[in-house]
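Trainee: Could we go through this structure together? I should like to begin with the contacts and then move on to the individual parts.

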Amino acid sequence: MDIVKILIDAGRAAIGVPAAAYALSSIGLNLQFGYTGLLNFGHVAFMLVGAYGMAITVDLGGSIWLGVPVGILAAVILGLILGFPTLRLRADYLAIVTIAAGEILRLAVRSSWAAPLTKGIFGIQRFADEFFDLNPIPVGLYGIGRFRFDERTVWVLLLGWSLVALATVFLWKLTRSPWGRAMRAIREDEDAALSLGKNVFGYKLQSLMIGGAIGALAGMFLAIDQQNVNPDAYIPLLTFYAFTIVILGGPGTLFGPIVGSVIFWFLFEFLDGVMTALIVEMDIGFLDALDATDVGPIRFALFGAGLMWLMIYRPQGLFGSKEEMLIDAR
Amino acid sequence: MASQRVRTVLAITLLLVVASPLAALAEGETLRGELEKIDGDERTPVAGVTIEAELDGSPVGSAESNADGEWEIPIPGAGTYLVRLVVDTLPEGVALTDPTKFELPNVNVREGQNKTVRFNLGPGLVSGVGTWTRVSSLFVVGLKFGAIIALASIGLSLIFGVTGLVNFAHGDLVTLGAVIAFWFNAAGGGPAWHILIAAVPAVLLVAAFGGAQEHWLWRPLRNRGTGLVPMIVVSIGLSFVIRYLILVVFSGLPRPYRDYAIQNDIQILGITTVPKNLAIIGFTAVVLLAVGLFLIHTRLGTAMRAVADNSDLAESSGIDVQRVIRVTWIVGAGLAGLGGVMFGISEQVQWDMGFKLLLLIFAAVVLGGLGTAFGAMLGGFIVGVAVEMSTLWIAVEFKTAVALGILIAMLLIRPQGLLGVKERIG
């Protein structure tokens, strides 16, 4: 087992594209879950409509710069459709409707009915050339030793972490505004906020739509990096990556999603490396029944156990204080 | 163990995790064929027949034969596909020469290949497929599907009723039941019992698992005063643990039980269907009736409904609420496990079958009224029939979307559900 290599790979993941993408995605979810207390179990649906909104726009001959607002608009509309029937009801109804919507949107873009637009199971490729043509970074490898990225990755990472920074500043402004205070009031005690004349339903709907739009941006960013959108990438698991990240970093904290994402992807890659080494390379008796293809599922099962553990023992995140953690109001 | 499905999951994960340019797609693989009715020397093309292709249990596409009887389905790549002719769409007077060969499970496609798939059609023995036959057989399939949903829904609804928890891991109890029965029925090292006998330990073990969950997880959490939102997140974490452990043990390959896997259509009262559908409907009806009688006429059942209605009031009138909750978990999980066995008999056993069913279970429970057992039964049947019958008008791929439509419409019109009591649920 080459522990140095595993650590380096994990370190690359911790500041790499997935970490940036999920930091952004989790900032959106953090607004919904951490600041407002909304159980959006279909965050992946927002990522999907964002990515497909952009990819389809380019595929139909539009510019990628037109595709971005199209994707955001699609996410806002989705938030409206999902939030309107559910946000007047108890928290679990939103969870039920959003998790169903995520799965059904995936099936819809995959279907032969939608294939003229979405290209069905094949997905859409090479829609971000415009973005990569702008890359000013000279060809080469940047970094130290084995910890290096090529010019394409550096360009993508620059975009990703800039978006994360922008979204964080936006959220900082937003949550310090009267709007943000109303939002937290709703999370802590909805009835109190209501009795002060706040339009609770309206605030929740806005939070769902804004958080969804940030999720859509994350979806677009991932799609740009891969130059590919494919329905089978948008599995429900992605939503819960974001949930785990939000809880790891501390729900309702400004830098929580960033910290959470870095830790999450480090652990995720690290576990993967260690498990692959244990199962494939080493000869350990009771692990003989497993092979390399089992690494993925076992990692997902561990991930589920980790989510449970966090929610039970550290719902305020790894660094947060329990007193400030009040999302279990209802 | 190295199965296609696992690889698919891995591939998806890799795609997302590794920031590498996409591997070149090998483009151009298709499944194709020509449908001809052969009657002696006479050959006539058959138009308007739907052909579906699946890879590892998930649909990859469908096509309709054109005026020349030709059809073609583009597929994502090389692999072993299942190709199915949708018998309901055959025109009047045309039938498969061998009615069991409507599904070809092992169609191997090599890289870049345009694979020709053949279905042998002849003159219909049964007087073709008219509207009535299609409607009635879809109705029966819908009832069967509804029965399975109803079995799985009662537990979710009752557990919600007595504890307030929407259990997102409930679908995985369905899978667990199906998979345990598979081990007793058809697994390599298992005892190879008949599926009806194998169902017994499956149901008991899932029921025990439900009780254990309540004892070691949910009750301690309630005692700590954990809120609703964290509990729901815990349940979804648990669902990942169960589902992916099942994937490791069972592998991603969908497999049928040894019994009742393939059956020929029969005709009863003018309805064409496979016998197992009728058996599932009949058996489930008996089980649901028994559950209903239990809830209405026994002390425990009454206590259950009392706790679901108002837990504090029930406790103050001397009902042992903790015991009632434990029994609810055991009964609810057992019923979900039974639903899983029925689902496995009806189709195949697959690692994520329960999770796919979960969306329909939610629709059924919300439609009937969260917290009510009878509402869950009613909702299950309505959702099952609506989802199957919808394929008369819309593409098969969208039938799950019908359930979501029902769910959203219900929340807008009557959020307490058909049998729920109106109260402030906002």
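Predicted model: local features only at pLDDT ≥ 70, side-chain atom pairs only at ≥ 80, totals over all residues.

Trainee: Among contacts in chain A between residues at least 6 apart in sequence, what percentage join residues at least 24 apart?

Mentor: The share is 73%.

Trainee: And how many helices and strands does chain A have?

Mentor: There are 14 helices and four strands in chain A. Its radius of gyration is 20 Å, close to the 20 Å that the globule rule gives for 330 residues, so chain A is as compact as a globular protein of that length. Buried residues account for 52% of the 330 residues in chain A.

Trainee: Is helix 5 of chain A mostly covered or exposed?

Mentor: Mostly covered, as 17 of its 20 residues are buried. At 1.5 Å a residue, helix 5 (residues 91-110) should span 28 Å, and its end C-alpha atoms are 30 Å apart, which agrees.

Trainee: Changing topic, how many residues of chain A are in contact with chain B?

Mentor: On chain A, 59 residues are in contact with 53 residues of chain B. Helix 5 of chain A is one of the helices that each supply at least two residues of that side. By class, the side of chain A that touches chain B has 35 nonpolar, 14 polar and ten charged residues.

Trainee: Into which domains is chain B divided?

Mentor: Chain B comprises domain 1 (29-124) and domain 2 (134-413). Their centres, taken over C-alpha atoms, are separated by 34 Å. Eight residues from domain 1 of chain B and eleven residues from domain 2 of chain B form the contact.

Methods. Residues numbered from 1 in each chain as written. Chains lettered and ligands numbered in written order. Expected span 1.5 Å × (residues − 1). Buried ≥ 20, exposed ≤ 12 C-beta atoms within 10 Å, placed from the backbone. Contact = placed C-beta atoms within 7 Å. Nonpolar A, V, L, I, M, F, W, Y, C, P; charged D, E, K, R; others polar. Domains from an automatic or database assignment. Rg over C-alpha atoms; globule rule 2.2 N^0.38 Å.
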